[in-house]
Amino acid sequence: FQAAFTLLLGPFTFFNVQKTKYLQIMTSLMRWIAFILMIILALIRIGRGQAEGHPSVAQLPGIRNLFGVCVYSFMCQHSLPSLITPISKKKHVNKLVLLDYLLILAFYSLLSFTAIYCFRNDTLMDMYTLNFTNCEIINVAFIRYFLGLFPVFTISTNFPIIAVTLRNNWKTLFHREGGTYPWVVDRIVFPAITLIPPVLVAFCTHDLESLVGITGAYAGNGIQYLIPAFLAYCSRKDTRLVFGSGTVNKHLSPFRHTCWIVFVLIWGFSCFVFVTANIVLSESKL
């Protein structure tokens with residue numbers, strides 16, 4: 001299955017994925033259907049008195065996995081530029097984005113809480129949709145197969161787009177002033193270093209919980225906290241040089257003070273230390 005996935009979707013990394021409007025609409029529609037189905041099925045099971053979940057108040061060993069989940073939910077910010085750029089009148093853009101994120105938070109919260117009260121902790125699978133493939137949960141075969149294959153559908157549509165984005169980021173990172181790369185480097189090397197690592201990782205491990213925990217703890221920490229903080233600092237500095245210090249931006253963030261950037265960097269470093277200590281202590285107990 002992994003070989004089939006790589007051979008079918010891997011070649012998209014070597015080309016440009018354009019005009020993905022309808023692909024994104026289909027993916028979003030499937031996400032909405034799957035989310036609503038899982039929430040409704042869990043609520044029905046809870047309402048019938050068949051709920052098995054008795055969650056504890058907190059589990060400190062789950063902190064590193066919390067970061068993993070956070071980085072994936074944070075990926076919704078990947079679409080912010082494409083959402084904001086077409087808006088001609090940006091007067092109310094802050095309110096629109098806030099409403100959008102409140103809606104995302106509500107769905108994540110509803111999905112999570114119905115899950116932890118509907119299923120026992122030891123029966124919750126790493127891929128939550130697989131909990132609904134059991135005939136005892138839902139006896140409609142189409143819904144079981146749809147939810148079971150839902151991750152395949154979403155990954156199949158997202159993988160080419162994210163892979164091409166990463167490939168272009170590699171090119172930007174190693175940008176050469178006044179010159180272009182040889183054809184082999186541009187068309188073969190950059191796509192290859194984008195495609196090969198995830199294929200190798202998928203081949204070497206089946207433990208999604210550990211994988212999400214490690215990537216979230218370290219890569220997620222940089223993506224969520226460190227890189228945005230440095231980008232905000234450098235972009236503000238560059239803006240002052242280009243437009244002058246007297247220019248007033250009416251869309252300024254309420255977190256525009258430099259102290260917020262320092263706070264985020266300290267928070268990111270603290271999270272890095274805390275998660276590392278948690279991993280070391282957890283492994284030493286094993």
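**Close-up 1. Aromatic pairs in the predicted model.** A search of the whole structure finds 10 aromatic pairs. Rings of Phe, Tyr and Trp (its six-membered ring) pair if their centres lie within 6.5 Å; planes under 30 degrees apart count as stacked, over 60 as edge-to-face and the rest as tilted. This is a predicted model: local features need pLDDT of at least 70, side-chain atom pairs count only at pLDDT 80 or more, and totals for chains, interfaces and linings use all residues. Residues are numbered from 1 along each chain as its sequence is written, and side-chain values use heavy atoms, without hydrogens and water.

**Close-up 2. Phenylalanine 35 and phenylalanine 107 form a tilted aromatic pair.** The ring centres are 6.5 Å apart, with 35 degrees between the planes. This pair links distant parts of the chain. Phenylalanine 35 sits in helix α2 (residues 21–47) and phenylalanine 107 in helix α5 (residues 93–118), 72 residues apart. Helices (H or I, at least four residues) are DSSP runs, numbered from the N terminus. Both phenylalanine 35 and phenylalanine 107 are buried. Buried means under 20% relative accessible area, exposed over 50%, and partly exposed in between (1.4 Å probe, protein chains only). Ring pairs join Trp32, Phe35 and Phe107 into a cluster.

**Close-up 3. Tyrosine 128 and phenylalanine 132 pair edge-to-face.** Their ring centres are 5.3 Å apart and their planes stand at 80 degrees, so the pair is edge-to-face. Tyrosine 128 is buried, and phenylalanine 132 is buried too.

**Close-up 4. A nonpolar patch on the surface.** Trp32, Ile36, Ile40, Ile44 and Leu103 form the patch, with about 430 Å² of accessible area together. Like charges are joined within 9 Å, nonpolar side chains (Val, Leu, Ile, Met, Phe, Trp, Tyr) within 5 Å. Areas come from the Shrake-Rupley method with a 1.4 Å probe; for residues, only the protein chains shown count as cover. Helix α2 gives the largest share of the nonpolar patch, 4 residues. Isoleucine 36 is in helix α2 and is partly exposed, at 38% relative accessible area.

**Close-up 5. Alanine 202 in helix α7 (residues 183–204).** Alanine 202 is partly exposed, with a relative accessible area of 36%. Alanine 202 and glutamine 2 are 200 residues apart in sequence but 8.0 Å apart in space, C-alpha to C-alpha.

**Close-up 6. Phenylalanine 269 in helix α10 (residues 258–285).** Phenylalanine 269 counts as exposed, at 55% relative accessibility. From phenylalanine 269 to glycine 222 is 9.4 Å, C-alpha to C-alpha, and 47 residues in sequence.

Note on methods
Helix = DSSP H or I, 4+ residues; strand = E, 2+ residues; numbered from the N terminus. Patch = residues over 30% accessible without salt bridge, like charges linked within 9 Å, V, L, I, M, F, W, Y side chains within 5 Å. Salt bridge = Lys/Arg side-chain N within 4 Å of Asp/Glu carboxyl O.
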